[in-house]
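Student: I would like to learn how to read a protein structure with two chains. Could you take me through one, a feature at a time?

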Amino acid sequence: MGNLGPLKFLALALSLLGVAAAACAPAGAPRPGVPAGAPTLTGAGATFPYPLYAKWFDVYAQKTGVRINYQSIGSGGGIRQLLEGTVDFGASDAPMTDDQLARASGKILHIPTVLGAVVVVYNLPELGAALKLSPETLAAIYLGQVSRWNDPRIAAENPGLRLPDIPIAVVHRSDSSGTTHVFTDYLSAVSPVWKERVGRGTSVSWPVGLGAKGNEGVTGQVKQTPGAVGYVELAYALQNRLPYALLRNRAGNYVGPTLENITAAAAGAAPTLPEDLRVSIVDAPGPNSYPISAFTYILVYQEQRDPLKGRALAEFLWWALDEGQAYAPELHYAPLPEEVRAKARTLVKTISYQGKPLLEK
Amino acid sequence: MTLPATLRRPRRLSSRTEDLIFKGTVAFLGLGVLGLAVGIGLSLAGEAGPALGRFGPGFFARSVWDPVREDFGVLPHIYGTLVTSLLALLLGGPVALGTAVFLAEFAPGWVRNPVSYLVELLAAVPSVVYGLWGLFVLAPLLRTTVQPALGNWLGFLPLFQGPYYGVGIFTGGLILAIMVIPTMAAVSRDVIRAVPDDQREAMLALGATRWETVRYAVLPAARSGIVGAVLLGLGRALGETMAVTMVIGNRPEIPASLFGPGYTMAAVIANEFAEATSDLHLSALFAVGFGLFVLTLPVNIAARVLVWRVAWGPVGGE
């Protein structure tokens, strides 16, 4: 195998499998109004948006005949495969780092597709009403500085709630994940101490707490441990009916993770977004902005190697930013606000083949 | 006498050539497995190179795991792996041996067959199922009943102090014990059954009780095989990933108490491999894998040799 690392080998094997599967499958049973020989695209990456992407790919294939194979192997794997050129597009919850972009063979565009949120869940059965937390208190809990529920700092924000005298059992993700990246990104943004001592990343060195595997692991651990606090993706909190904390946003309001508040966070951040959209929108300004919101991205090379596939990819992204947004709310994803979609469309229009844009819009 | 045509030896090759081809084929297959093991070891070592080069032997002696600052030391994971595996053997070994002796020596046929079958079935349950059961059933049970009780009686020992989380080193060891019992019991039972009846009859003829027969004639003859079964269990415990990951707490620290959360080598690989984006982080995970490989290989080799000695070697040695 020479210098072929195991990852490369795996990627190669997977892509061969993909080719074989594509070759075996009936080449898109011709539907009325669908051009024959529509290309098949492959992508890999984030698990977080997978339920929505699966829905999109299904609807889009029925509409246009363009079939999209997507492996939800995690953001890191998606970036790696995109850099190695084994997929047509990658997907990631966190923007790529400058270091990673420097290793790419061409310019990579970050197209935000939808918004997700991380919610703080807890197990305090006799609380009476929703817990309210300020960024400082949340950081202090995860730093281990606030270790009991009846700590004066929590009590000050929650007058009238029966806060029990029990230890706070902090739960975090043990597996590397985009969810952890967004959560630690938020803590780094609001707490200088956190930024200094821990920092942000898909896995970090946690000052306190238990690690549980996956959203389902955190959910299970929080559900079973009285006094536990944890963080999960919004959909998991809703499906498991876990109570979630209202967080104080930059405007000083305590807000919950409703889809409107998450979209509002992106709208609040919109005026200051850079052109490449490669940015974190945690702790966004705006009266209703939910503070732990984040884009999830599809990553594509600006300069495509195959005009047919490149055009199909650009058209799909255009559709996802337009009609595709309507499928988001029922699956607990927040649609992008119009300001952000306009900026994303500008990026999609620059996808080109041999320097010529592929979209005629 | 003439053989029917179908039984006659086909005359294409001389028996000598046929033997040579056969020998060559099996030798190739056998050495292929060996080559595979060596290849895995070498490629792990190669990928681990950058991390081992950066941190040196300190990689296996330091207690820090910080992917953000790219500072890695794997001592807590080694500790967690060894302690949970040891707990598994201490808790599971006696149960497995008792099961094996009962099934091989005492159980009537109508009990032996279904129970043997069930034990083997347990060995085939996927580990993620054990993990989910551990997280949703075992851990809450331990937190609410077993750990407080142990804390009450044995709380004067540092090993049984601290808050009861439900998950932790102790729970990891217990789930591993449950997982290795079937393997150890099934292999031990076969080894005990392999002890020739002459031994038992001779002992009984001397007026020994059933207990004395088992204690002085059967178990010594099966000893190395039982040790092999235990080592097989240890091998499984060292490498077990999913179930332990779900109940150990995943905290890269060496807790003073068995109730505290810890980490294992296999668990950190499973947790962080998919999203490891920096080269050094990935290399550190390969280095953990290499360490685990080095740890488990001799254990498994020793197990095979011991099992082989009792099953095919001179009987009743020692």
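Student: In what order do the eight strands of the open sheet in chain A come?

Tutor: Keep in mind that this is a predicted model. As a general idea, strands of a sheet pair through backbone hydrogen bonds, either parallel or antiparallel. Here the order is β2-β1-β3-β11-β4-β8-β6-β7 in chain A, and the pairing is mixed. From one strand to the next, the twist averages 25 degrees.

Student: Which are the edge strands of that sheet?

Tutor: They are β2 (67–71) and β7 of chain A, and each pairs on one side only. Start at β2(A): five bridges join this strand to β1 (residues 40–45) of chain A, and the two run parallel. To find your place, look for A:T40, which stands opposite A:R67 in β2(A).

Student: How many residues of strand β8 in chain A are buried?

Tutor: Six of the six residues in β8(A) (residues 228–233) are buried, so the strand counts as mostly covered. Now look at the strands that pair with β8(A). Strand β4 (residues 108–122) of chain A pairs with β8(A) in the antiparallel sense, over five bridges. There A:V121 has A:G230 as its bridge partner. Strand β6 (residues 169–173) of chain A runs parallel to β8(A), joined by two bridges, and A:V170 is partnered there by A:V229.

Student: Which strands does helix α3 of chain A lie across?

Tutor: α3(A) lies across β1, β3 (89–92) and β11 (293–301) of chain A, and runs at about 155 degrees to β3(A). Another helix, α9(A), also packs on the sheet, where it touches β4, β6, β7 and β8 of chain A. The direction of α9(A) makes about 155 degrees with that of β8(A).

Student: What is the strand order in the open sheet of three strands?

Tutor: That order is β5-β9-β10 in chain A, again with mixed pairing. β5 (132–133) and β10 (254–255) of chain A stand at the edges with a single partner strand each, so one side of each has no neighbour in the sheet. Two bridges join β5(A) to β9 (residues 246–248) of chain A, and these strands run parallel. A:K132 stands opposite A:L246 in β9(A).

Student: How do I read a pair of helices, and at what angle do α12 and α13 of chain A pack?

Tutor: Look at the angle and at the distance between the axes. Helix α12 (residues 307–321) and helix α13 (residues 338–349) of chain A pack at about 175 degrees, with axes 10 Å apart. Angles over 145 degrees count as roughly antiparallel, which is why α12(A) and α13(A) are described that way. Among the residues that meet are A:L317 and A:W318 in α12(A), with A:A344 and A:V348 in α13(A). By class, this contact has six nonpolar, no polar and two charged residues.

Student: At what angle do helices α6 and α7 of chain B pack?

Tutor: Helix α6 (residues 197–205) and helix α7 (residues 210–239) of chain B pack at about 150 degrees, with axes 9 Å apart. That makes α6(B) roughly antiparallel to α7(B), and the crossing is right-handed.

Student: How many residues of chain A are in contact with chain B?

Tutor: 29 residues of chain A are in contact with 26 residues of chain B. On the chain A side, α3 (75–84), β7 (210–212) and α9 (214–224) give two or more residues each. The largest share, four residues, comes from α3(A). By class, that side has eight nonpolar, 19 polar and two charged residues.

Note on methods. Residues are numbered from 1 along each chain as its sequence is written. Chains are lettered from A and ligands numbered from 1 in the order in which they are written. This is a predicted model: local features need pLDDT of at least 70, side-chain atom pairs count only at pLDDT 80 or more; totals for chains, interfaces and linings use all residues. Two residues are in contact if their C-beta atoms, placed from the backbone, lie within 7 Å. Ala, Val, Leu, Ile, Met, Phe, Trp, Tyr, Cys and Pro count as nonpolar, Asp, Glu, Lys and Arg as charged, and the others, Gly among them, as polar. Axes are lines fitted to C-alpha atoms, for helices over the stretch in contact, and angles run from 0 to 180 degrees between N-to-C directions. Angles under 35 degrees count as roughly parallel, over 145 as roughly antiparallel, 65 to 115 as roughly perpendicular and the rest as oblique. A residue is buried if 20 or more other C-beta atoms lie within 10 Å of its own, exposed if 12 or fewer, and partly exposed in between; C-beta atoms are placed from the backbone. Two strands pair if DSSP finds at least two bridges between them. A crossing is left-handed if the near helix is turned anticlockwise from the far one by less than a right angle, and right-handed if clockwise.
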